[in-house]
Amino acid sequence: MKIERIELRIVPLRLRERFEISSGARRDRRILLVAVHGEGEIGWGEVVAAEDPSYSPETTETAWHVIRDFLAPAMVGGDFENPAQMLDAAGWVRGHHMAKAGLEMAAWDLLARLKGVSLPEVIGGSRRPVPVGVSIGIQPTDEALLEKVEGYLEEGYRRIKIKIKPGRDVAMLRAVRSRFPEASLMADANSAYTLADAGHLAGLDELDLMMIEQPLSHEDIRDHAELQRRLETPVCLDESIHSVEDARLALDLAACRIINIKPGRVGGFSSARAIHDLCLGQGVPVWCGGMLESGVGRAHNVALASLPGFTLPGDISESRRYWDEDIVEPEFVMTDGTLVLPDGPGMGVRPRIERIEALAERHEVFTT
Ligand code: OSB
Ligand code: MG
């Protein structure tokens, strides 16, 4: 796989609704798209970094900088057997997993296209229907939240995730549970609590939640183990897991019973698959998280979620949950609470290049 050219573009896209989590809110996304050219084909990827460092230290701008100055120069002109080897060419670059993942996943899409097979197939998955959940941001009132939950359940989402923060947690979720006694519900705190809140969070135990995601610090694994000992509700880690090493530590310490794998957060498909394999071997369920991606990142997430250990619904909602108009065709549409990737080659959906070029606020090409 010869890498002849790498292109970066920033595409501004406005979410249909403001999305608020405990660590910040956003409405306007600046999607960082990667296109990797080689041997007559183009592979596409998306860097999931946000506009500000409120979820992870990486941002759109740090990713642009690291790709332009370090990653792209190490890869352009190279001839690699596979995307993992392409990443190894910049193996001395520490961290910046989101920047690396955007390139790595674009290279997997390129490899799949060159082989004439679908992306799920080339990463070890299948084109099975992937069960879909939805993530609801913090709403101004409980009434507004109940209305949202009802709407999404009617649309067929198989699991509802509700963002929480101190003051908008146990009582609010109790209201949701009493209105929807049968729904698959979970909470995501995005690191809003400390171990001192363990007693309060134990109030969730009577609500039959599938899990509570990332209650404690984004840097922490140890305190999550202590919290998990004090909660019946399963703990799921998101922000704290950047690599298979983190996942191994978390499982060894029993810091969680479920892991949210976002390929963009952990450095790409190779790392995501290693975490998946580790969890599958230990009987720990995983699911694919989301980062408010465009259809490009969504295609990669759906492909990953087709691996056998992804037994829980992912945050891979249909295009119209996020955007008035996506940048891929066909758009992602949910059928019976599931998404399926259109047949290959590659990620199956086509980036709408004219629309992307018309919208792009920045564009740079790297060649040898
Ligand atoms: O914590 O999972 C999260 C969005 C941005 C940053 C962090 C998170 C989220 C979501 C949205 O929950 C998931 C989605 O893309 O639908
Ligand atoms: Mg999360």
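The structure is a predicted model, in which local features need pLDDT of at least 70, side-chain atom pairs count only at pLDDT 80 or more, and totals for chains, interfaces and linings use all residues. Residues are numbered from 1 along each chain as its sequence is written, ligands are numbered from 1 in the order in which they are written, and side-chain values use heavy atoms, without hydrogens and water.

**Domains**
- The protein chain is assigned domain 1 (5-116 + 352-367) and domain 2 (122-339), with bounds from an automatic or database domain assignment.
- Between them, the two domains bury about 3500 Å², an area defined as the accessible area (1.4 Å probe) lost by two parts on being put together, summed over both.
- Arg-16, Tyr-55 and Arg-352 supply 21% of the area that domain 1 buries against domain 2.
- Five salt bridges are found across this interface, each being a side-chain nitrogen of Lys or Arg within 4 Å of a carboxyl oxygen of Asp or Glu.

- Asp-188 and Asp-238 are both buried, meaning under 20% relative accessible area (1.4 Å probe, protein chains only).

**Helix α11**
- Buried residues of α11 include Phe-269, Ile-275 and Cys-279; helices are DSSP runs (H or I, at least four residues) numbered from the N terminus.
- Gly-283, which follows α11, has a positive phi near 70°.

Definitions and conventions. Buried < 20%, exposed > 50% of the residue type's maximum accessible area, 1.4 Å probe, protein only. Helix = DSSP H or I, 4+ residues; strand = E, 2+ residues; numbered from the N terminus.
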